[in-house]
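This briefing takes up a few local features and then the overall dimensions of the chain. Please keep the sequence and the structure in view while reading.

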Amino acid sequence: TNQRRYSTIVIKFNLTPNQLNNMPSTSESQSSVALNSAVTAEAETAPVENFRADYEPLTNIVSKISMDFDIRDGKTVVTSEMTIEPNPNGKGPGDLVLDGDETAVKLMTLQVDGRDLIENEDYELSPGKLVVKGVALKDGKGLLRTVVETVPEENTQLSGLYKSGPMYCSQCEAMGFRRITYYPDRPDNMAVFDNVRIEADKEAYPVLLSNGNFIEKGSIEDEPSRHFAVWSDPFPKPSYLFCVVAGKLGSLKDTYTTTSGTEVQLEIFSEEENVNKLDYAMESLKRSMKWDEDKFGLEYDLGIYNIVAVNDFNMGAMENKGLNVFNTAYVLADPQTATDRDYERVEGVIGHEYFHNWTGNRVTCRDWFQLTLKEGLTVFRDQEFSGDMGSNAVKRIEDVCSLRARQFAEDAGPMSHPIRPDSYISMDNFYTMTVYNKGAEIIRMYNTILSEEGFRKGMDLYFKRHDGSAVTCEDFRAAMADANEVDLEQFGLWYSTSGTPTVTYSSDFDAVTGVFKLTLSQKSNSEKPMFIPVSTGLIDKVTGEEVAPTKVLELKEDTQTFEFAGLKNDVVPSILRQFSAPVKLVSSTGEIDEETLKFLAARDTDGFNRWEAGQRLYTSLVNQQYKDGCMSDTTKGYVFEAFESTLQEESMDYSIKAYALTLPTESTLSEELPEVDPVAVRKARGTVKIAIARKFQSQLLDAYAKLSTEMEAEKEFKVDAVSVGQRRLRNTILTYLTSIKETEEEQKAAAELASAHYDKAKGMTDKVAALSALASLDGAGASARDDALERFYNEANGDALVLNKWFSIQATADLPDVLDRVKALTKHPDFTFSNPNRCRSLISAFTMNLAPFHAENGEGYKFIAETIAELDKINPQISSRMGTSLIQWRKYSKSRAELMKGELKKLAEMKLSDDLFEIVNRGLK
């Protein structure tokens, strides 16, 4: 073996035989040629599409692994020892297939049971793969040892091991572990990470963390400036849940005692200057642990739970076993830097990652096609948690708004896919609203169909059967069905059907018999009828009282008629209560019954459907303005009546009132249109908003003043439901009042009101609301706008998360020259393409500013395409997500569509990452 390797070195380095004899062994040498260097130099391979139908279990698995990280500036050496065994679920002993990214790791040593392996005879290397042949193993068993080198400082993809500010950290989901070392980097290889040793400079990186339980720490005898720490995780896990952190960090410590009496040490780490912003995250973590015990009987299973806040992070957070890594945006919060929405996100994401301990870690997915198994289920759990911590009604409205604005658009575009995709080129492209949020709606339907009690029974059986396993969506469905003794085979179609189903309805009332008939029909991309739960109640037309409480109608056929008997008067059906299924609901006639909507907006006992009726009235009025250039007096009257009634209602929850007064977003309105003109949508929505604002200006001013008085009397800043609701309502009213800005006097008045709002702000929520209003002022309000932007920037004092808000507010402003402003901001000294948060705050935010992004001259498309091309060289995950903004061209006019396709074609001719290649090519199909 050595002779073969030395002969290669003689050719490359022209060494003499004498020099060869004095060389150290490969395992000792830090200057040897990498075994995978030839693979690195090979020609690029074409992107490969992976298919769910091709899944096969591994022949051999890693059952246990120990790792050693020697972290030094400019190079980290990772030594791994892996216990190899035949897969009990495989076809018998055979070749061991390991994944590895040769662009990120240099393979320096490869041994089995202490013997150096010989290329071609014992192993083969190809791009992304290392195959250890069965002949190198004894009956499929052996101790595999690898030594690799990697340079985290050069890892701009932020996948694998990378450097972020004062720390090294890792991100392994979905395919990052292969950028740390060679390994079976797939979810169904669950191994015990028995011993993880981290060594680094003591002063620069005093904190050394990994998964599981802390074992020991100490100094390096011959290098006293360095130290080490050892961690061990007793629970088998896939490689995507591995984590390592080394950094100079401060922390907040606490404890939590589980129901069974176990004390868990809690610690949240961040850069020293941010430790004072960790309290809310810690309280959210303890609330999450208590909620999961109470709701599902699930206790935490280790003695330590650590969280690390990282500034450079592609995702929101990562549920690594016992060592969560969080984007700073979802863990840092205080009143001066975080909005109420930020607080809500911190609580929700903290909960989400903690809940993954059982739904994702203890029971994980067999393959990445099953991603919704852990993510859809855990999103549902975090939604329920957030609702229980605040208001379930408010949370449901927020979740449905998000689903309709983003996921419905995904369902209607070229990236449309079932919650369990059939194929992918880059798995990173399928961390989508469909997999996560629509997946959560499918889980919610189980809860609706089976009841909360039945759902809990199904969850208990799921954990009993599959704890410690990697499973499929069918396994979850089977647990739900078996626990409740019901047939859910038809329900399984939700996992394989893309697109948004449509449910149509018609009704008939027989006054003689007192029978009301409701006929429901369904249409979807499924060849067979789907199982759609339609929660329905009935409101008496005469008395306005609910005469039939919510009942779940099980729509299982193309068309079904449901009868309600014993009624005295005709009724109005309240259909799809609580948005019981992710579908579009339309009348069988295709017409909008505005009188019925007005009735439901005033009388419905279901909070969600009451809000929904008002939103549909708003939509009808905006669509009239959009299509006809004017509004019907009748519809306008209904809208005005509903708006005034809501504004005057004293008993309504502040947040629900705010949402009831808010017009549907431009994205939501666009979903209702067969062909979208974003500029015209903005103009139509703005016209309706101004009409409402002018009609109720005095009432709005009174309401604003009353809220201001109440809020100023409250000395302590709070983030409870009442305080958050007050701020939300007052800021909603502010947007109406500052929309009146046609004359110079009105512009000055709007600027004065928003500036005063900013001056009196007690926290970031009101500051952002005021600055957002000011940022869209022009004319006589321009100087106030510019002064406020400068003031906000200076007050940020370099705080990264606050500066992200500063960039976003400008990128989403309603100004004629906003694209020029965004281009200028890319040159700002605080802007960088290497930080995902900063990139999203400006570039992604601009793509959501629909009117200027979709300007008829195509300059918005050109700017984004050019930006994406450059970003792809730095971080493919971020470039591909931004690339989705260009692929929805079918929704727009021919001229806009051609401009968007033109930019996609330019991108297609470039050298692209697999991530962006997949998005661009799907967009052009």
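Aspartate 99 stands opposite lysine 129 in strand E8. The model is a predicted one, in which local features need pLDDT of at least 70 and side-chain atom pairs count only at pLDDT 80 or more, while totals for chains, interfaces and linings use all residues. Residues are numbered from 1 along each chain as its sequence is written, and side-chain values use heavy atoms, with hydrogens and water left out.

**Sheet E4-E8-E7**

- E4 and E8 (residues 129-132) run antiparallel and are joined by four bridges; two strands count as paired if DSSP finds at least two bridges between them.
- These strands belong to an open sheet of three with the order E4-E8-E7 and antiparallel pairing, where strands are DSSP runs of E with at least two residues and helices are runs of H or I with at least four, numbered from the N terminus.
- Because E4 (96-99) and E7 (123-126) stand at the edges with a single partner strand each, one side of each is left without a neighbour in the sheet.
- From one strand to the next the twist averages 15 degrees, with axes fitted as lines to C-alpha atoms and angles running from 0 to 180 degrees between N-to-C directions.

**Helix H21**

- The twelve residues of H21 (residues 800-811) should span 16 Å at 1.5 Å a residue, and the end C-alpha atoms are 17 Å apart, which agrees; the expected span is 1.5 Å times one less than the number of residues.
- Ten of the twelve residues are buried, so H21 is largely enclosed by the rest of the structure; buried means under 20% relative accessible area, with a 1.4 Å probe and protein chains only.
- The buried residues of H21, among them Trp806 and Phe807, pack against H5 (340-355), H19 (764-775), H20 (782-796), H22 (818-825) and H23 (836-847).
- At the start of H21, a side-chain oxygen of aspartate 799 comes to within 3.1 Å of the backbone nitrogen of leucine 801.

**Proline 418**

- Proline 418 lies in the loop between helix H7 (392-411) and strand E23 (423-424), and is buried, with a relative accessible area of 8%.
- Leaving aside residues up to four places away in sequence, proline 418 touches Thr434, Tyr495, Ser496, Thr497 and Ser498, a contact being heavy atoms within 4.5 Å.

**Whole chain**

- The secondary structure comes to 28 helices and 31 strands, and 59% of the 925 residues count as buried.
- Along its principal axes, the C-alpha trace spans about 100 × 65 × 60 Å.

Conventions:
Buried means under 20% relative accessible area, exposed over 50%, partly exposed in between (1.4 Å probe, protein chains only). A polar contact is a pair of N or O atoms within 3.5 Å; within protein, one must be able to donate a hydrogen and the other to accept it, and residues adjacent in sequence count only if both atoms are side-chain atoms.
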